[in-house]
Amino acid sequence: MTKTVTDVICPFCGTLCDDIEVVLSDDGKKILEVVNACAIGAQKFHHAMAEDRPKKPRMKQPDGTYKEVSYDEAVEYTAQMLANAKKPLLYGWSSTSCEADSIGNEITELCGGCVDNTAAVCHGTTLIALQDVGVPSCTLGEVRNRADRIIYWGCNPAHAHPRHMSRYSIFPRGFFTGKGSQSRKVIVVDPRVTDTAKLADYHYQVEQGRDYELLQAFRTALKGEWLPDTVAGIPKEKIYEGAEVMKSGRFGIIFFGMGVTQSLSKNHNIDAAICLTKELNTYTKFTIMPMRGHYNVTGHGEVLGWQYGFPYSVDISRGYARYNPGDTSTIDLLLRGEVDAFFSIATDPGAHFPIDAVRRISELPSVAVDPFITPTTEVSKLHVPVAFVGIEVGGNAYRMDNVPIDCRKVIDPPEGVLTDEQFLERVLKRIRELKGVK
Amino acid sequence: MTEYLIKNGFVFDPVLKLKGEKADVAIRDGKIVETTEVKKPKVIDASGMTVMAGGVEIHAHIAGPKVNSGRIFRPEDKLFNTVPVKKNMRAQGGFSIPTTYKTGYAYAQLGYTTAMEAAMPPLFARHVHEEMRDTPILDEGAYPVFGNNWFVLEYIKNREVENTAAYIAWLLRATKGYAVKSVNPGGTEAWGWGLNCLQVNDPVPYFDVTPDEITRGLIEANEYLGLPHSLHIHGNNLGNPGNYTTTLDTLKAASGQKAKNKFGRETILHHTHVQFHSYGGDKWANFESKAREIIDYINKHKNITADVGFVTLDETTTMTADGPFEYHLSQLNHLKWVNADVELETAAGVVPYVYSPDIFVCGVQWAIGLEIALLAKDPMRVFISTDHPNAGPFTRYPRILKWLMSAKAREEQIKAFKQSDKVVNSSEIAGIDRELDLYEVAAMTRAGPAKCLGLSHLYGSLKPGVDGDVAVYDFNPEKEHTPDQIEKAFSSVKYLFKRGEKIIDNHEIVSHGNKRTLWVDVKVNENLQVMRDIQEKFMKYYTVTLGNYEVHGRHFIPNPFALEVDATR
């Protein structure tokens with residue numbers, strides 16, 4: 001008999017769907033079917049079954065080839081590298097559990113390093129903006145049960161967060177929203193005609209990089225003040241109309257993504273979006289939420305928050321935490337050549353960082369911890385394969401609205417493969433020995 | 001385990017009625033024992049020092065989503081106060097919203113060994129527990145919020161006390177919560193639509209139940225279950241001029257009712273941070289103290305307890321599940337505003353605030369807090385708190401003790417106000433010459449809160465049999481002290497023991513202890529209707545499944561301690 005595991009949490013995006021059902025083979029060792037997940041999520045589960053998955057740490061040899069080594073050797077290399085470095089950088093942490101994140105922070109503190117997560121290249125600007133002006137937000141269930149105005153700005157959930165619209169925003173029938181999508185008006189702001197934009201009642205095809213102007217124009221329109229004929233390529237009539245749509249709702253929300261966080265103006269875009277939301281609260285109820293990418297990038301920010309008081313790009317090289325994005329953020333540290341060891345876990349900077357930063361990683365003593373072979377593992381000196389968090393081991397993760405959900409273990413990891421937590425625990429223990437700390 | 005004998009200290013303990021008599025305190029196997037029961041103890045010479053039980057914090061926001069929002073959105077709160085890694089200690093930072101490690105260390109340094117997180121949004125219970133796990137030394141519990149929970153609103157509207165009680169029992173278990181908390185009952189649900197319930201008879205939109213009915217319903221359910229702590233309420237209309245009448249209306253919900261429980265608790269309603277609820281006037285210009293009206297009512301009604309919420313005149317970070325209040329505050333001071341509404345349950349807001357001694361209203365708020373404590377007749381029912389960090393950080397407790405124990409210190413502060421005449425005219429503080437003694441302080445910070453929490457069998461005294469939580473302060477009560485010497489002495493304990501383990505030795509932290517998470521495990525009769533309602537709401541309205549709601553596992557609660565209650569009938 002096959003066995004079905006219910007209430008499984010999908011370890012892909014910040015939507016953190018927790019209604020996945022996974023059908024296992026008779027012996028409980030193979031994933032046969034994944035129900036309820038989106039195409040990307042389902043693929044995550046099936047990927048864990050990949051035959052070619054490395055099961056032992058791999059050390060790069062002088063000729064560029066890899067040699068399998070034991071976990072003991074991997075722990076030793078990692079501990080020596082971190083303990084001997086003057087200023088190691090530990091980056092990633094966004095696709096693993098909060099428990100692993102916590103151990104990583106302790107290692108950073110012990111070694112006087114820097115710790116950073118993927119917000120540095122994603123929603124870090126959002127975090128800077130909320131440090132400037134705050135953020136009126138809510139949980140996704142509030143959107144489901146109350147919202148009748150949905151705005152997606154600079155994001156494309158149809159492809160990046162595929163179940164977001166059906167679980168939380170446009171389509172679900174909630175307590176006060178019994179008519180589902182019929183009770184809602186949807187605004188999408190995007191320079192492209194995306195699949196999300198096609199679902200919108202109002203699509204504002206903003207000129208690329210002009211989001212800031214459009215946001216400020218909406219704030220102006222709210223007050224009924226004068227606007228030029230077009231702003232950011234949008235005729236003023238459309239802007240006044242959009243402002244009226246927002247004001248006339250009972251409960252509204254702005255979801256925003258990388259289209260505004262990493263385009264021209266960066267955090268200033270988000271400042272303006274948050275101020276727009278605040279001002280809308282003088283007319284009705286309005287909220288705003290970042291569409292966080294990695295399923296637990298929010299979680300690492302929270303752990304850093306309660307342990308050090310800052311959500312990302314934390315420099316503990318002096319024994320206490322300092323935070324100054326642009327100075328203490330990963331890419332800047334790499335490009336300035338300020339760090340002498342690089343440890344990456346649960347993310348793939350090799351695929352996403354500027355080439356100069358990736359080149360810098362390849363020159364440093366470096367360790368990449370990841371269940372699979374990725375561009376990062378290929379530029380690192382040591383690749384440590386680990387169990388897949390959320391599939392082969394449980395652990396806590398935070399959804400994009402900061403709701404913590406405890407991921408479930410569905411199957412065992414391949415024999416002999418350590419989890420992130422086990423590997424980090426062993427590294428921490430060894431570093432304590434090397435440093436003579438109890 | 002090592003035995004300890006703390007010799008020759010001046011002991012203050014309201015339970016043992018010790019008012020500074022010289023006595024020895026013995027600890028064995030984590031508990032206080034008779035001095036004859038220790039064989040080869042390590043002796044701590046406490047001569048010339050003050051000895052008390054470990055402090056018990058009844059109301060502070062120290063762990064969870066809104067606290068962390070405060071930390072994350074206020075990098076400026078870490079300026080000039082970070083402490084690097086030390087032997088036995090992790091890195092620390094933060095003033096009004098310290099990191100979890102600093103929270104644990106700082107409470108210990110003040111002589112506190114137990115603290116309660118005052119508001120846990122049930123959906124975020126895991127977050128609260130993760131932070132408590134990372135807060136060393138202290139035994140901690142958290143109060144889940146019920147006052148705006150849809151289940152509760154519906155059951156109370158239908159007057160179904162058994163169902164309210166069964167739901168409370170279920171939620172305490174699911175969240176590993178300690179007590180029933182209610183914040184701005186009904187008003188926070190109204191905030192879902194940008195509205196509020198300012199008075200106790202304002203109906204909640206859609207749910208058509210009033211704050212007064214919610215409060216009475218929760219008291220009834222709390223006593224039906226016989227929980228260790230009473231209902232813990234933050235009433236409606238917080239922070240507004242003239243709100244003292246609303247507070248009196250809230251307190252009236254307790255009239256004529258008696259406590260029913262096996263934990264030695266005699267009260268049925270705890271009103272928290274009453275300082276924020278004791279305001280007269282009808283606008284900021286004629287703002288005035290109504291502390292006497294509120295404390296007179298509390299003095300007369302023996303089934304009510306309160307904590308004060310002293311304003312410490314600092315720059316701080318306000319945070320509460322009273323969502324509409326925080327919005328209102330941000331409109332008032334125009335500083336940054338975090339809001340976080342939680343589906344079916346509650347909301348929260350966070351706004352920085354500066355209690356400036358130059359501002360008349362802040363001066364009166366300062367006076368109100370002190371008036372409440374100084375006019376209180378029963379220190380076992382009025383407790384010291386700053387509603388950390390709302391009226392100020394808990395690290396200012398020594399300064400509050402200075403103000404409470406020295407009329408001269410209060411006089412100096414009044415003189416230092418920019419508008420001291422206005423403050424004096426709008427309050428009674430200048431006319432009060434009472435100075436609290438350490439016996440009263442021990443009641444307000446230890447014995448009283450422990451009793452009100454139903455925890456006097458563990459904490460709050462030095463009676464043989466309770467936990468070995470002992471604080472030794474380098475303070476000789478027989479000598480004369482300047483106000484600043486009082487503040488200094490209570491800022492850093494000389495020795496601290498937690499469950500028999502030495503945590504602080506000669507002012508230095510030497511151990512993280514072995515902290516516990518307190519929660520209340522209530523058994524009730526099987527209630528099929530409530531279970532059906534829970535399943536329905538999770539199916540239709542929650543965005544997490546029922547199977548993913550309950551907090552369990554050692555990664556959240558490594559060391560749980562359940563207080564068991566049998567409410568089956």
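B:Arg90 and A:Glu106 are joined by a salt bridge across the two chains, with their closest N and O atoms 3.7 Å apart, where a salt bridge is defined as a side-chain nitrogen of Lys or Arg within 4 Å of a carboxyl oxygen of Asp or Glu. By this rule the interface of chain A and chain B has five salt bridges. The structure is a predicted model, in which local features need pLDDT of at least 70 and side-chain atom pairs count only at pLDDT 80 or more, while totals for chains, interfaces and linings use all residues. Residues are numbered from 1 along each chain as its sequence is written, chains are lettered from A and ligands numbered from 1 in the order in which they are written, and side-chain values use heavy atoms, with hydrogens and water left out.

The meeting of the two chains can be described further. In the interface, 63 residues of chain A are in contact with 56 residues of chain B, contact being taken as heavy atoms within 4.5 Å. The size of an interface is often given as the accessible area lost when the parts come together. For chain A and chain B this buried area is about 4,900 Å², and carbon and sulfur atoms give 55% of it; buried area here is the accessible area, found with a 1.4 Å probe, that two parts lose on being put together, summed over both. Of the area that chain A buries against chain B, A:Phe175, A:Lys285 and A:Trp306 supply 15%, more than any other three residues.

The rule also finds 37 residue pairs in polar contact across the interface of chain A and chain B, both residues being at pLDDT 80 or more. A polar contact is a pair of N or O atoms within 3.5 Å; within protein, one must be able to donate a hydrogen and the other to accept it, and residues adjacent in sequence count only if both atoms are side-chain atoms. On the side of chain A that touches chain B, the residues divide into 24 nonpolar, 18 polar and 21 charged, where Ala, Val, Leu, Ile, Met, Phe, Trp, Tyr, Cys and Pro count as nonpolar, Asp, Glu, Lys and Arg as charged, and the others, Gly among them, as polar.

Within chain A, the assignment gives domain 1 (3-47), domain 2 (58-122 + 295-435) and domain 3 (124-290), and such domain bounds come from an automatic or database domain assignment. The centres of domain 2 of chain A and domain 3 of chain A, taken over C-alpha atoms, are separated by 34 Å, and eleven residues of domain 2 of chain A are in contact with 16 residues of domain 3 of chain A. Between domain 2 of chain A and domain 3 of chain A an area of about 1,000 Å² is buried, 60% of it given by carbon and sulfur atoms. A:Cys122, A:Met400 and A:Asp401 supply 51% of the area that domain 2 of chain A buries against domain 3 of chain A, more than any other three residues. Across this interface of domain 2 of chain A and domain 3 of chain A the rule finds zero salt bridges, although six residue pairs are in polar contact, both at pLDDT 80 or more. The residues on the side of domain 2 of chain A that touches domain 3 of chain A are nine nonpolar, no polar and two charged.

Chain B is assigned domain 1 (4-52 + 459-509) and domain 2 (55-452). Their contact takes 32 residues from domain 1 of chain B and 29 residues from domain 2 of chain B, and the two domains bury about 2,600 Å² between them, 70% of it on carbon and sulfur atoms. Four salt bridges are found across the interface of domain 1 of chain B and domain 2 of chain B, and B:Asp484 forms a salt bridge with B:Lys402, the closest N and O atoms being 3.4 Å apart.

Single residues complete the tour. B:Ser278 is buried, with a relative accessible area of 0%, where buried means under 20% relative accessible area, exposed over 50% and partly exposed in between, for a 1.4 Å probe and protein chains only. A polar atom of the side chain of B:Ser278 lies 2.7 Å from the backbone oxygen of B:Val274. In chain A, A:Ser329 is likewise buried, with a relative accessible area of 6%, and a polar atom of its side chain lies 2.7 Å from the backbone nitrogen of A:Gly326.
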